[in-house]
Amino acid sequence: MWDVEIRGMASAHAIVASSIFLATVIPAVFLENFSVYGSHMVWLYSVAGSVAVVNIAVFWLLGISPPTKKNTLSFKINRLFRSCLYFLLSCLFYHTVVVLYGAPLLETALDTFSLAVLLSTFTTLRCLCILGPNIQAWIRVFSRDGALSVWDTSLQITTGCSLVGAWLGAFPIPLDWDRPWQVWPVSCTLGATAGFLTGLLVAPVWIHWHRKLLTYKLK
C-alpha cells in the first residue's frame, strides 16, 4: 500500500512539475521576445494557470479529495463557491503579509497581488484539492503531528518549501547588482517556484525514506 501511494504521489508531482516547464516553453513559442524577466507577468500567470488546471485535474482523477455524504447540485455549487472564496481570501492575505514585510503599498500593487496569486496557487489551491474547503482540516494538517495520510505530509512539505523559497527570493532585491531578476517581484516568484518544485521532488522521496517511521493511517 505504501509503495502504491508513494508512486501515485510521485507521478502526480511529476505531472504538476511538467506543467511549470510547459508554462515556460509554450509562451516562448507563440510570443515574440518572450522571457521570464522581460515578460514576467505573462510567465507568472502562465505558470499559475497551468499549475491550477493540472492540480485540479490530477487530484480529481486520483480521487484524493475527502468523500462527502451529500452529492446534490446545491451542495456542489456551495462547495465551489467556498473554494473560490477561500482562494480569493488567501490572495488578499498573502498580499497583506507581503506588504507588511516591506513591499510597496500602491506603486507595485498589481505585481504584489500577482505574487500573492502565485503563492495561493502553490499552497491554498493544493489544500482545496486535497482537503476541500474545510478550515478545521487545514488547521489539523499544519498542526504538530496532524497529518493523517501521505498526501497531508506532501501538502506540508510543498507549502513550506514554497513559502521559504519566496522568502529567500527577497534577499537579493536590495543588493546593488542591477540584475533584471532583482526587479520586484521577480526573484520572489522565482524563489517560490523553485521552492514549490523542490517540495514536489522532496515530498515522495522523504516519505519513502521515512515510511517505517510514519504511523498514520492511509486514507
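The following questions and answers go through a predicted model, in which local features need pLDDT of at least 70, side-chain atom pairs count only at pLDDT 80 or more, and totals for chains, interfaces and linings use all residues. Residues are numbered from 1 along each chain as its sequence is written, and side-chain values use heavy atoms, with hydrogens and water left out.

Colleague: Where in H8 does a kink lie?

Modeller: The bend at a residue is the angle between axes fitted to the seven residues ending there and the seven starting there. The kink in H8 is about 30° and comes shortly before the proline Pro 204, at Val 202.

Colleague: Which side chain meets Arg 140 in a salt bridge?

Modeller: A salt bridge needs a side-chain nitrogen of Lys or Arg within 4 Å of a carboxyl oxygen of Asp or Glu. Arg 140 has such a contact at 3.3 Å, N to O, and its partner is Asp 152.

Colleague: Is Asp 152 buried or exposed?

Modeller: Buried means under 20% relative accessible area, exposed over 50%, and partly exposed in between, with a 1.4 Å probe and protein chains only. Arg 140, at 24%, therefore counts as partly exposed. Asp 152 is at 0%, so Asp 152 counts as buried.

Notes. Helix = DSSP H or I, 4+ residues; strand = E, 2+ residues; numbered from the N terminus.
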